Amino acid sequence: FQAKLSYDGTFGDIGVHAWASGIVQDHNPVGGLRYTGRGLDFGAKISGGGASLLGYYYTGKGLGTTGLFILATDAAGRARGSDGFYLQGTYGIGKFTLGASYGESRLDLTSAEVNPTLLKSNSSWVGQLRYGLTSWVTLVGEYTNTRSRAHGGNRATSDTVAVGTILFF
């Protein structure tokens with residue numbers, strides 16, 4: 001089962017988009033233990049003038065991380081807990097838009113689990129500059145710093161610069 005509530009409205013010159021959703025899904029894998037995955041998420045985006053601010057949070061058990069139901073259970077079929085959040089701010093000046101964001105996803109061990117190589121968290125900082133060349137072409141440049149940690153303390157980081165084009169049609 002999955003459900004979502006959303007709201008779109010304005011308060012003077014301020015636009016608001018807010019949402020909340022939930023999911024419950026039974027799993028009965030071949031050769032594994034049956035479990036039920038459950039989760040909630042909610043967020044809001046507030047916009048006014050050339051600025052916007054977005055915030056989002058999720059929490060679940062038996063949902064996994066990185067993708068829905070990926071790493072959702074331990075080897076014995078016990079559901080793992082997960083949660084995460086995302087924050088983003090943008091500001092437009094003429095044809096330019098500056099943006100920054102930060103997000104993090106975390107995956108817990110089950111109470112009976114010892115797994116030092118299991119992903120504990122992924123997080124990224126992103127800085128972005130967009131230029132609206134035409135109404136249907138936007139040029140984009142981004143810098144991303146990503147960090148991953150395992151439950152045993154192993155860490156990995158990466159820094160990426162990307163440039164590209166978005167075509168709207």
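## Salt bridges and strands in a predicted model

The side chains of Arg34 and Asp26 come together in a salt bridge, with 3.6 Å between N and O. Keep in mind as you look around that this is a predicted model.

### The chain as a whole

Let's step back from that pair for a moment. The protein chain has nine strands and zero helices.

What share of the residues is tucked away? Of the 169 residues in the protein chain, 30% count as buried. The protein chain exposes about 10,700 Å² of surface, and carbon and sulfur atoms supply 61% of that area.

Contacts can also be sorted by how far apart the partners are in sequence. Taking contacts between residues at least 6 apart, 43% join residues at least 24 apart.

Phe11 sits in strand β1, which covers residues 2-11, and Phe11 counts as exposed at 52% relative accessibility. Between Phe11 and Leu107 there are 96 residues of separation in sequence and 38 Å in space, going from C-alpha to C-alpha.

### Charges and their partners

The protein chain carries 14 positive and 11 negative charges, and the mean positions of the two sets are 3 Å apart. How many salt bridges does the whole structure hold? A search finds five. Here are three of them, for you to find in the structure:

| Salt bridge | N to O distance |
|---|---|
| Arg34 and Asp26 | 3.6 Å |
| Glu113 and Arg80 | 2.4 Å |
| Asp83 and Arg106 | 2.6 Å |

Start with the salt bridge between the side chains of Glu113 and Arg80. Glu113 lies in the loop between β6 (96-107) and β7 (119-132), and Arg80 in the loop between β4 (51-61) and β5 (81-93), so the pair ties together parts that are 33 residues apart in sequence. Both Glu113 and Arg80 are buried.

Next come Asp83 and Arg106, whose closest N and O atoms are 2.6 Å apart. This pair links distant parts of the chain, with Asp83 in strand β5 and Arg106 in strand β6, 23 residues apart. Are the two partners buried or exposed? Asp83 counts as buried because its relative accessibility is 14%, under the 20% cut-off. Arg106, at 24%, counts as partly exposed. Which residues make up the network here? Asp83, Glu104 and Arg106 are linked by salt bridges.

### Two residues with positive phi

To finish, visit the loop between β4 and β5, where you will find Phe69 and also Leu71. Phe69 has a positive phi of about 70 degrees although it is not a glycine. Leu71, likewise a residue other than glycine, has a positive phi near 60 degrees.

Note on methods:
Residues are numbered from 1 along each chain as its sequence is written. This is a predicted model: local features need pLDDT of at least 70, side-chain atom pairs count only at pLDDT 80 or more; totals for chains, interfaces and linings use all residues. Side-chain values use heavy atoms; hydrogens and water are left out. Helices (H or I, at least four residues) and strands (E, at least two) are DSSP runs, numbered from the N terminus. Buried means under 20% relative accessible area, exposed over 50%, partly exposed in between (1.4 Å probe, protein chains only). Contact means heavy atoms within 4.5 Å. Accessible areas come from the Shrake-Rupley method with a 1.4 Å probe; for residues, only the protein chains shown count as cover. Lys and Arg count as positive and Asp and Glu as negative; His and the chain ends are not counted. The place of a charge is taken as NZ of Lys, CZ of Arg, CG of Asp or CD of Glu. A salt bridge is a side-chain nitrogen of Lys or Arg within 4 Å of a carboxyl oxygen of Asp or Glu.
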